[in-house]
Amino acid sequence: MIRHRHGVDLAAEMAARQGSFLASGEAEEWILPAGLLALPKGVRLGQSGRTLSLIGEADTQLQIGRDGITISGRTIGLRSLRVNAGDALTAIDVAGEHVRLERVVAEGGRSGSAGVGLRVHATASAKLVHCSGILARGTAGNAVEVTAPLVELVGARGTAVTDRATGIHVVASREALLSDCAVRGVRANQQARGLLVVAPEVEAMSLTAEDLRGASCTGIELYAPAGNGIVALDVVCSALTA
């Protein structure tokens with residue numbers, strides 16, 4: 001494992017590290033400095049079949065002028081990072097075989113377009129711990145969107161303001177496990193949805209959808225297409241306004 005500590009000239013250093021990462025063939029861990037860091041535009045990081053982790057120090061925040069961060073590889077990790085991509089269709093877009101995110105916040109959205117705050121697509125497993133997505137504008141989209149055979153969300157949060165908005169959208173081809181997840185403050189001119197989970201097996205505990213407003217509202221929808229089973233405890237919907 002190669003560990004590299006980035007400086008405050010993040011745009012130049014990320015470009016340089018991405019080049020060396022492609023050449024190294026090794027798993028790498030990049031440590032980002034604390035504080036507010038500016039990127040003029042979004043970046044694409046990682047490489048198919050490789051391992052890359054981005055770790056923020058205390059209060060690491062990335063302010064991106066346009067677009068967002070796209071990360072791909074075999075095993076991808078993000079920890080302790082906030083990204084505000086004010087004009088991005090997707091603030092953080094992660095794709096890999098195994099993906100784990102912890103204490104990550106992604107805020108994005110583009111007027112007149114569909115978008116996603118935090119998107120994760122994994123071909124094996126995706127685990128998000130205390131992560132949040134915020135979709136601040138657009139025509140439609142999901143604040144948090146996760147797709148994988150096995151999905152586990154712990155302490156996930158979602159907020160969206162679009163024409164058609166969903167706070168948290170999960171699609172798992174094998175099993176979805178959710179605990180202590182909440183959606184609040186979804187605003188939609190048309191359809192407002194809190195949580196939508198689609199999987200053959202769903203286990204959910206302590207789910208909350210509240211303060212949703214739209215022409216039509218759905219608080220929490222758990223759907224098992226094969227009819228195998230849904231186990232849900234402590235599911236609360238309140239203050240849904242249509």
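In this predicted model, strand S5 (residues 51-56) is largely enclosed by the rest of the structure, because five of its six residues are buried. Strand S5 has parallel partners in strands S2 and S8. Strand S2 (residues 28-32) runs parallel to S5 and is joined to it by five bridges, with Glu28 standing opposite Leu52 of S5. Five bridges likewise connect S5 to strand S8 (residues 75-85), again in parallel; here Ser53 has Gly77 of S8 as its bridge partner.

The loop between S5 and strand S6 (60-64) contains Asp59. This residue counts as exposed, because its relative accessibility is 54%. Leaving aside residues up to four places away in sequence, Asp59 touches Ala34 and Gly35. The C-alpha atom of Asp59 is separated by 26 Å from that of His98, which lies 39 residues away along the chain.

Glu28 also takes part in a salt bridge, with Arg17, in which the closest N and O atoms are 3.0 Å apart. Arg17 belongs to helix H1 (residues 10-24) and Glu28 to strand S2, so the pair ties together parts that are eleven residues apart in sequence. Both Arg17 and Glu28 are buried.

Phe21 and Trp30 are both buried.

Salt bridges number 15 in the model. One of them joins Asp93 to Arg119, the closest N and O atoms being 3.2 Å apart. This pair links distant parts of the chain, 26 residues apart, with Asp93 in strand S9 (residues 90-108) and Arg119 in strand S10 (residues 114-129). Arg119 counts as partly exposed, its relative accessibility being 24%. Together with Glu145, Asp93 and Arg119 are linked in a network of salt bridges. A further salt bridge is formed by Arg103 and Glu102, whose closest N and O atoms are 2.9 Å apart. Arg103 is partly exposed, at a relative accessible area of 41%, and Glu102 is also partly exposed, at 21%.

Met205 is found in strand S17 (residues 201-213) and is partly exposed, with a relative accessible area of 44%.

Notes
Residues numbered from 1 in each chain as written. Predicted model: local features only at pLDDT ≥ 70, side-chain atom pairs only at ≥ 80, totals over all residues. Heavy atoms only, no water. Helix = DSSP H or I, 4+ residues; strand = E, 2+ residues; numbered from the N terminus. Buried < 20%, exposed > 50% of the residue type's maximum accessible area, 1.4 Å probe, protein only. Pairing = 2+ DSSP bridges. Contact = heavy atoms within 4.5 Å. Salt bridge = Lys/Arg side-chain N within 4 Å of Asp/Glu carboxyl O.
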